[in-house]
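Please keep the sequence and the structure in view while reading.

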Amino acid sequence: MATRTAGGTRMSAEQRRASVLAAAIEEFAHGGLTGTSTEAIAARAGISQPYLFRLFPTKKALYLAVVTDTFRRTAAQFERAVGELTGADALEAMKLAYGELLADPTYLLTQMHAYAGCYDPDVRVTARDGFRGLWTTIQRVTGLPTEDVRTFFAHGMLINVAASMDLASLDEQWAQAICSPPDTTAGATSPG
């Protein structure tokens, strides 16, 4: 298949890889590792399946690149949001930035599939590496103690589950209580 951009210029291997990764993110968000075909990814990327395997040697290698990208994207979003802020102010900025990420349903689905895919040892290692990188980024940019970072992560995971179930759309007290922002006046407990 063609490896040209819409303007007719030839795409570099790096650009084509990025294009395939973007297509894979969309496909894996809905099917996870086992429920997604490389045929669908190749079709979405506008390339042949053999060319996909020239860029990524296996479906799992492509999936691991998607998982890695999801954690990288989160850390980069947090760092941009924080700027020069530290402490609880940095956590608050990251909370708002995370809300922006969750506005993209593909992002949330990809993240949830990464955790669900940890039955596979390679996915587990990749998810752990990504989670560790996110943890160390948050510790570094906030300068807060471990307990505050742990609380931030715990609330972030609650937000993931609530967003997955679209609890904010329910007009029920229990769902609204879960979706309400935490009281940050009592300490650094913003979601992560």
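## Terms and basis

Helices (H or I, at least four residues) and strands (E, at least two) are DSSP runs, numbered from the N terminus. The model is predicted: local features need pLDDT of at least 70, side-chain atom pairs count only at pLDDT 80 or more, and totals for chains, interfaces and linings use all residues. Residues are numbered from 1 along each chain as its sequence is written, and side-chain values use heavy atoms, with hydrogens and water left out.

## Helix 1 and helix 4

The axes of helix 1 (residues 13–31) and helix 4 (residues 59–82) come within 10 Å and cross at roughly 90°. Helix 1 is therefore roughly perpendicular to helix 4. Axes are lines fitted to C-alpha atoms, for helices over the stretch in contact, and angles run from 0 to 180 degrees between N-to-C directions. Angles under 35 degrees count as roughly parallel, over 145 as roughly antiparallel, 65 to 115 as roughly perpendicular and the rest as oblique.

Contact means heavy atoms within 4.5 Å. Helix 1 contributes Val20, Leu21, Ala24, Ile25 and Phe28, which meet Lys59, Leu62, Tyr63, Ala65, Val66 and Asp69 of helix 4. By class, the contact of helix 1 with helix 4 has nine nonpolar, no polar and two charged residues. Here Ala, Val, Leu, Ile, Met, Phe, Trp, Tyr, Cys and Pro count as nonpolar, Asp, Glu, Lys and Arg as charged, and the others, Gly among them, as polar.

## The buried face of helix 2

In helix 2 (residues 38–45), the buried residues are Thr38, Ile41, Ala42 and Ala45. Seen down the axis of helix 2, these residues fall within an arc of 95°, so they line one face of the helix. The arc is that of the directions from the helix axis to the C-beta atoms. Buried means under 20% relative accessible area, exposed over 50%, and partly exposed in between (1.4 Å probe, protein chains only).

The cover over the buried residues of helix 2 includes helix 1, helix 3 (49–55) and helix 4. Gly46 follows helix 2 and has a positive phi, near 75°.

## Helix 5 and helix 7

The axes of helix 5 (residues 87–102) and helix 7 (residues 121–142) come within 8 Å and cross at roughly 135°. Helix 5 is therefore oblique to helix 7. Gly87, Ala90, Leu91 and Met94 of helix 5 make the contact with Ile138, Val141 and Thr142 of helix 7. By class, this contact has five nonpolar, two polar and no charged residues.

Arg140 also lies in helix 7 and is exposed, with a relative accessible area of 53%.

## Salt bridges

Side chains of opposite charge can pair when their charged atoms come close. A salt bridge is a side-chain nitrogen of Lys or Arg within 4 Å of a carboxyl oxygen of Asp or Glu. By this rule there are nine salt bridges. In one of them, the side chains of Asp122 and Lys60 meet (2.9 Å, N to O). Asp122 lies in helix 7 and Lys60 in helix 4, so this pair ties together parts that are 62 residues apart in sequence. Lys60, Asp120 and Asp122 are linked in a network of salt bridges.

Asp69 and Arg72 also form a salt bridge (2.7 Å, N to O). Being three residues apart in helix 4, Asp69 and Arg72 are separated by about one helical turn. Asp69 is buried, at 15% relative accessibility, while Arg72 is partly exposed, at 47%.
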